[in-house]
Amino acid sequence: ETNDQKNLLVILPARLVQLILNDMSPDKRTALLEECDSDLLNKLLKLLTLKEREVALSLLGYPENSIGRLMTPDYIAVRKEWTIKQTLDYIRENGTNTETLNVIYIIDDKGHLIDDIKVREILIADVDTPIEEIIDGKFDSLLVTDDEEIAINAFKKSNHVALPITDANKLLLGIITIDDV
């Protein structure tokens, strides 16, 4: 429970709190931070690494009931011109830091979402095949400002465990998993 978490953060040594906060998933950490009063929030933000502080402040900057606060920026995105081999190498190198590896997101050179693809499709394709040859351009996504009800309905209509979150220009910002909503 959030109250128990806050009580623990107050009584634990600062170094342990620092390790815990920096190790939490961004969405879970945001849920905790948004329940803190401003003094505790400032204290906790100072314990985060620079990178994690930027992520936390970014997520806290979205409207209170938006899925932007629930999303995680930990996902795998690859370019459409990459081969299957390049994609698999990238997944192996970066996959341990992601929320889910069930779906890989395809982006253009500016970071705009083009498609999503199940890992299964990557695993069975020839290693020299470019990603753009196996994508179909059909994908579901949510706007960062959508509320939880919209996200719940989107998950009910799809068979995905995660959905990509974009801004109004389709810039990929993060993902939200079904357990987050």
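**View 1. K170, a partly exposed loop residue.** K170 is partly exposed, with a relative accessible area of 36%. Here buried means under 20% relative accessible area, exposed means over 50%, and partly exposed lies in between, using a 1.4 Å probe and protein chains only. You will find K170 in the loop between β5 and β6. Helices (H or I, at least four residues) and strands (E, at least two) are DSSP runs, numbered from the N terminus. Although K170 is not a glycine, its phi is positive, at about 70 degrees. Most residues other than glycine have a negative phi.

A note for all views: this is a predicted model, in which local features need pLDDT of at least 70 and side-chain atom pairs count only at pLDDT 80 or more, while totals for chains, interfaces and linings use all residues. Residues are numbered from 1 along each chain as its sequence is written, and side-chain values use heavy atoms, with hydrogens and water left out.

**View 2. An open sheet of three strands.** The strands follow the order β4-β5-β6, and their pairing is mixed. Because β4 (142-143) and β6 (172-177) stand at the edges with a single partner strand each, one side of each is left without a neighbour in the sheet. Two strands pair if DSSP finds at least two bridges between them. Strand β5 (residues 162-166) runs parallel to β4, and two bridges join them. Look for L143, which stands opposite T166 in β5.

**View 3. Helix α4 meets helix α5.** The axes of α4 (residues 38-47) and α5 (residues 50-60) come within 9 Å and cross at roughly 140 degrees. Axes are lines fitted to C-alpha atoms, for helices over the stretch in contact, and angles run from 0 to 180 degrees between N-to-C directions. From α4, residues L41, L45 and K46 meet R53, A56, L57 and L60 of α5. Contact means heavy atoms within 4.5 Å. The residues of this contact divide into five nonpolar, no polar and two charged. Ala, Val, Leu, Ile, Met, Phe, Trp, Tyr, Cys and Pro count as nonpolar, Asp, Glu, Lys and Arg as charged, and the others, Gly among them, as polar.

**View 4. The two sides of α5.** Which residues of α5 are buried? They are E52, V55, A56, L59 and L60. These residues cover an arc of only 125 degrees around the axis, which puts them on the same side of α5. The arc is that of the directions from the helix axis to the C-beta atoms. The buried residues of α5 pack against α2, α3 and α4, whereas L50, K51 and E54 on the other side are exposed.

**View 5. M24 in its loop.** M24 sits in the loop between α2 (14-23) and α3 (26-33). At 18% relative accessibility, M24 counts as buried. Not counting residues up to four places away in sequence, M24 touches R29 and L32. The C-alpha atoms of M24 and E52 are separated by 9.7 Å, with the two residues 28 apart along the chain.

**View 6. Two aromatic pairs.** The structure holds two aromatic pairs. Rings of Phe, Tyr and Trp (its six-membered ring) pair if their centres lie within 6.5 Å; planes under 30 degrees apart count as stacked, over 60 as edge-to-face and the rest as tilted. The rings of Y75 and Y105 have centres 6.2 Å apart and planes at 85 degrees, so this pair is edge-to-face. The rings of W82 and Y90, with centres 5.2 Å apart and planes at 65 degrees, also form an edge-to-face pair.
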